[in-house]
Amino acid sequence: MAEYTKPYDSKLQAGALLLPTFVVLVAFLYYPAVETFRLSFHQTLLLGTKQTFVGVANYVGLLTSEAYRTSVIISFAFAAAVVVGTLLVSLFVSYLLFEVEAWESSYLLVAIWPYALPTAVAATILTFMLHPNLGIVTHYLEALTGLSLDWFTSGPQAFLVVAIVAIWKQLGYNIIFLVAALNNVPKTLTESAQLDGVGRLTMLYRVYVPLISPTLVFLVVMNTIYAFFGTFPLVDLMTSGGPNNATNLLIFKLYRDAFAFNSLGKASAESVILFVIVSVLMYLQLRFSDSHTHYGA
């Protein structure tokens with residue numbers, strides 16, 4: 001048996017290799033996090049060049065603000081719609097891809113390409129396609145339904161449009177993981193279920209879903225992070241938080257308070273609150289999944 005040799009006998013060598021990663025983490029993650037937390041206790045002027053310590057006044061002002069509470073409610077509703085919608089649609093599409101036998105790679109490529117499209121580009125293209133007056137998609141929807149669609153002036157319509165676009169943009173990411181998880185399910189289980197006459201949808205929700213539940217839990221967490229943080233370009237380019245603040249998500253409100261209203265202290269407090277909200281949601285999701293997730297023998 002060959003003798004095991006340590007790749008690095010010197011701690012100095014190991015430290016030197018880790019140094020670039022450590023520098024990047026400190027410069028772009030840990031220092032900004034500490035500075036954001038510090039600024040949340042200050043009132044700032046002139047892009048932060050003038051700072052006045054105000055204690056928890058920023059937090060109190062946010063928690064007592066009707067506009068901020070509305071933004072929180074909208075963000076939770078938006079996140080719920082995106083997470084649930086993305087999982088349901090991607091699970092259904094992944095199951096169809098899993099069952100197909102011909103041209104599977106081509107179908108998979110078509111299904112995941114929206115994820116490869118930059119979010120800003122996707123938002124710009126879909127803004128024109130869904131434009132109330134010029135959009136080809138809106139034109140045919142109005143012709144088929146007889147409804148008058150104008151999400152530039154209707155808050156509920158704007159919320160729905162941004163949520164649908166956010167779901168569409170995230171489908172590819174979910175499909176990649178779900179197709180891989182479905183392909184790891186033992187073929188014997190599928191054959192046994194088919195011999196017992198189990199229907200296709202019953203097979204999906206009674207056989208496959210429990211077995212791929214760890215992947216589903218992972219995707220719930222990742223989709224939650226995406227809904228709260230990754231949808232900023234969609235809101236910024238498609239609705240700018242409107243109409244009537246119907247799409248003024250927490251991440252967009254934070255940005256606008258910091259760079260449009262020059263209130264870095266308030267925006268820092270919003271950033272801390274948003275981080276806490278998402279962290280608590282992730283903790284609850286993982287705790288809940290412990291008793292509902294099948295990790296095998």
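**Entry 1: the annotated domain**

I began with the UniProt record, an unreviewed entry, which places the feature "domain: ABC transmembrane type-1" at residues 72–285. I was working with a predicted model, so I kept that in mind for everything below. I then looked up residues 72–285 in the model and found 79% helix and 0% strand. The end C-alpha atoms of that span lie 19 Å apart.

**Entry 2: the transmembrane regions**

Next I checked where the unreviewed UniProt entry puts "transmembrane region", and I noted residues 12–31, 72–98, 107–130, 158–182, 203–229 and 267–284. I picked two of these to look at in the model. Residues 158–182 came out as 100% helix and 0% strand, with 35 Å between the end C-alpha atoms. For residues 267–284 I again read 100% helix and 0% strand, and here the end C-alpha atoms are 26 Å apart.

**Entry 3: two assigned domains**

I turned to the domain assignment, which gives domain 1 as 11–53 and domain 2 as 61–292. I noted that their C-alpha centres lie 31 Å apart. How many residues of domain 1 are in contact with domain 2? I found 10 of them, and they meet 8 residues of domain 2.

The two domains bury about 670 Å² between them, and 63% of that area is on carbon and sulfur atoms. I looked for salt bridges across the interface of domain 1 and domain 2, and the rule finds 0. What the rule does find there is 2 residue pairs in polar contact, both at pLDDT 80 or more. On the domain 1 side, the elements giving two or more residues to the touching face are helix H1 (11–39) and strand E1 (42–45). I sorted the residues of that face as 5 nonpolar, 5 polar and no charged.

**Entry 4: Leu45 in strand E1**

I stayed with strand E1 to look at one of its residues, Leu45. Which residues does Leu45 contact, leaving aside its neighbours within four places in sequence? I wrote down Lys50 and Asn262.

I counted salt bridges for the structure and got 4. One that I looked up joins the side chains of Arg38 and Glu35, at 2.5 Å from N to O. Why can such a pair form? Side chains of opposite charge can pair when their charged atoms come close. Both Arg38 and Glu35 lie in helix H1, 3 residues apart, which is about one turn of the helix.

**Entry 5: the loop between H11 and H12**

Last, I went to the loop between helix H11 (232–238) and helix H12 (250–260), where Pro243 is found. Is the peptide bond that joins Gly242 and Pro243 cis or trans? I read it as cis, with omega about -5°. Asn244 has its place in the loop between H11 and H12 too. I noted a phi near 55° for Asn244, a positive value in a residue other than glycine.

Technical notes
Residues are numbered from 1 along each chain as its sequence is written. This is a predicted model: local features need pLDDT of at least 70, side-chain atom pairs count only at pLDDT 80 or more; totals for chains, interfaces and linings use all residues. Side-chain values use heavy atoms; hydrogens and water are left out. UniProt positions are given in the numbering used here, feature names are shortened, and annotations may be inferred rather than shown by experiment. Helices (H or I, at least four residues) and strands (E, at least two) are DSSP runs, numbered from the N terminus. Domain bounds come from an automatic or database domain assignment. Contact means heavy atoms within 4.5 Å. Buried area is the accessible area (1.4 Å probe) that two parts lose on being put together, summed over both. A polar contact is a pair of N or O atoms within 3.5 Å; within protein, one must be able to donate a hydrogen and the other to accept it, and residues adjacent in sequence count only if both atoms are side-chain atoms. Ala, Val, Leu, Ile, Met, Phe, Trp, Tyr, Cys and Pro count as nonpolar, Asp, Glu, Lys and Arg as charged, and the others, Gly among them, as polar.
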